[in-house]
Amino acid sequence: MIELELPFPPSVNHYYRRVGPRTLISREGRTYRDRVASLLKVLGVRPLTGPIQMRIEIYPPDNRRRDLDNLQKSLWDALQHGGAYHDDSQVVKFEVEKRAVVPGGKVIVGIEEIR
């Protein structure tokens, strides 16, 4: 099992930007993706290849209302970009829980291959 403590992800509402007819990953989204990729590289995380299950504990930075599903896209994309797995279609089981507020926010992620 891979267990990671990662920075709090941007909401999907801040992850993308429209530029004319195109939709792009925002500067905030690219920064988050690169930060997660750097952490995974330092930790020596290698991509899982089969079906995976994921457990996420979200520690928000404040008490604002947030939809948990709005955080999932940027987090999953960052994990894929960083090499935790090849494609987020590998996720066959997903559990998420919102926890107490932590200054700056964070997420704890557990990923394991299902045999």
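## Contacts of Leu 79

Leaving aside neighbours within four places in sequence, Leu 79 is in contact with Leu 4, Leu 6, Val 36, Leu 40, Met 54, Ala 84, Tyr 85, Val 109 and Ile 111; contact means heavy atoms within 4.5 Å. The model is predicted, so local features need pLDDT of at least 70 and side-chain atom pairs count only at pLDDT 80 or more, while totals for chains, interfaces and linings use all residues. Residues are numbered from 1 along each chain as its sequence is written, and side-chain values use heavy atoms, with hydrogens and water left out.

## The nonpolar core

Leu 79 is among the residues with the most contacts inside the largest nonpolar core, together with Leu 6, Met 54, Val 109 and Ile 111; this core has 24 residues. A nonpolar core is a set of buried Ala, Val, Leu, Ile, Met, Phe, Trp, Tyr and Cys residues joined through side-chain atoms within 4.5 Å, and buried means under 20% relative accessible area (1.4 Å probe, protein chains only). At least two core residues are supplied by each of β1, α2, β4, α3 and β6. Helix α3 gives the largest share, five residues. Helices (H or I, at least four residues) and strands (E, at least two) are DSSP runs, numbered from the N terminus.

## The sheet

Four strands form an open sheet in the order β1-β6-β4-β5, with mixed pairing; two strands pair if DSSP finds at least two bridges between them. Because β1 (2-7) and β5 (91-98) stand at the edges with a single partner strand each, one side of each is left without a neighbour in the sheet. From one strand to the next, the twist averages 15 degrees; axes are lines fitted to C-alpha atoms, for helices over the stretch in contact, and angles run from 0 to 180 degrees between N-to-C directions.

Strands β1 and β6 (residues 106-113) run antiparallel and are joined by six bridges, with Glu 5 opposite Ile 108. Eight bridges pair β4 with β6, also in the antiparallel sense, and here Ile 56 faces Val 109. By contrast, β4 and β5 run parallel, joined by seven bridges; Arg 55 stands opposite Glu 95 in this pair.

## Helices on the sheet

Helix α2 (residues 27-43) lies across β1 and β6, running at about 145 degrees to β1. Helix α3 (residues 69-82) packs on the sheet and touches β1, β4 (52-59), β5 and β6, its direction making about 125 degrees with that of β4.

Six of the eight residues of β4 are buried, so this strand is largely enclosed by the rest of the structure.

Conventions
Buried < 20%, exposed > 50% of the residue type's maximum accessible area, 1.4 Å probe, protein only.
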